[in-house]
Amino acid sequence: MKKYIVLTVLFILPIVAYLFFATASHNSLFLPTISEHHLDIPSDFKALKHEQVRLENKITILGFPGSNIEEVKANLFNLNQKVYNKYSGFKDFQMVMVMPEGTQPEVVKIQTELARITKELQNWHFVFASPSSIETYFKSFHFQNSLDVNLGTPFVYIIDKKIALRGRKGQKIKGKVEYRECYNSESAAELHNEMSDDVKILLREYRLAFKKNNNNRKDAFRDNITNKLEENKAN
């Protein structure tokens with residue numbers, strides 16, 4: 001019986017994965033790189049629970065909500081419902097919000113509220129730093145928008161495993177040139193229809209790369225065995 005269950009799972013999972021990734025509204029296999037060679041989270045940025053938060057080797061939604069928590073509270077819930085809940089099952093996916101020092105008590109309240117509607121928050125990270133450190137780090141990305149007086153912006157960004165900024169760049173299906181480096185967290189529709197779709201494209205990109213690497217390793221292993229067999233025959 002166990003044998004049949006295993007075989008069924010092995011057969012069904014690839015189909016489910018294909019259907020999941022095939023639902024992206026645009027058929028690009030890769031999400032364009034907008035800019036690259038960015039800095040990881042600075043060492044003086046401290047996480048709420050003192051965990052180590054890094055961008056490298058993670059697919060990250062990076063945000064700078066600012067110090068007015070009540071004003072951006074709805075934005076964080078939009079991100080949670082429209083993006084995080086869809087992809088929290090992927091171990092390499094995370095949300096990282098850069099917050100000004102002193103907002104820790106408000107963030108704890110936000111996390112408590114999020115925990116009521118989301119089972120697992122281990123990939124929801126908040127890191128805290130001084131105003132000058134946040135400004136310096138934000139400017140290092142050379143984003144087109146800027147921070148407001150509260151050190152915040154409603155826009156969030158997709159950062160890949162090599163700390164490159166991803167987004168949309170080039171021709172759309174309707175012939176219009178599109179450029180997008182950020183997504184407005186104030187708009188649940190934009191997060192649902194565009195950002196969620198682009199995260200899915202990026203996850204599919206890494207999945208295809210992983211599959212290709214696995215196939216290459218299998219080919220290399222097979223060639224190695226074949227060579228050794230041929231050597232033994234020759235001897």
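This tour of a predicted model stops at Arg 180, His 50 and His 142.

**Stop 1: Arg 180**

Select Arg 180, which sits in strand 9, the stretch covering residues 177–180. Is Arg 180 buried or exposed? Its relative accessible area is 17%, and the limit for buried is under 20%, so Arg 180 counts as buried.

Now show its side chain.

Next, display the surroundings. Leaving aside residues up to four places away in sequence, Arg 180 touches Ile 34, Gly 167, Arg 168, Glu 190 and Glu 194.

**Stop 2: His 50**

Move to the loop between strand 2 (46–47) and strand 3 (59–64), and select His 50 there. What is the phi of His 50 near? The value is near 65°, which is positive, and the residue is not glycine. Most residues other than glycine have a negative phi. His 50 is exposed, because its relative accessible area of 73% lies over the 50% limit.

**Stop 3: His 142**

Last, find the loop that runs between helix 4 (131–140) and strand 6 (153–159), and select His 142. Here phi is about 60°, again positive in a residue that is not a glycine. His 142 has a relative accessibility of 66% and so counts as exposed.

Note on methods. Residues numbered from 1 in each chain as written. Predicted model: local features only at pLDDT ≥ 70, side-chain atom pairs only at ≥ 80, totals over all residues. Heavy atoms only, no water. Helix = DSSP H or I, 4+ residues; strand = E, 2+ residues; numbered from the N terminus. Buried < 20%, exposed > 50% of the residue type's maximum accessible area, 1.4 Å probe, protein only. Contact = heavy atoms within 4.5 Å.
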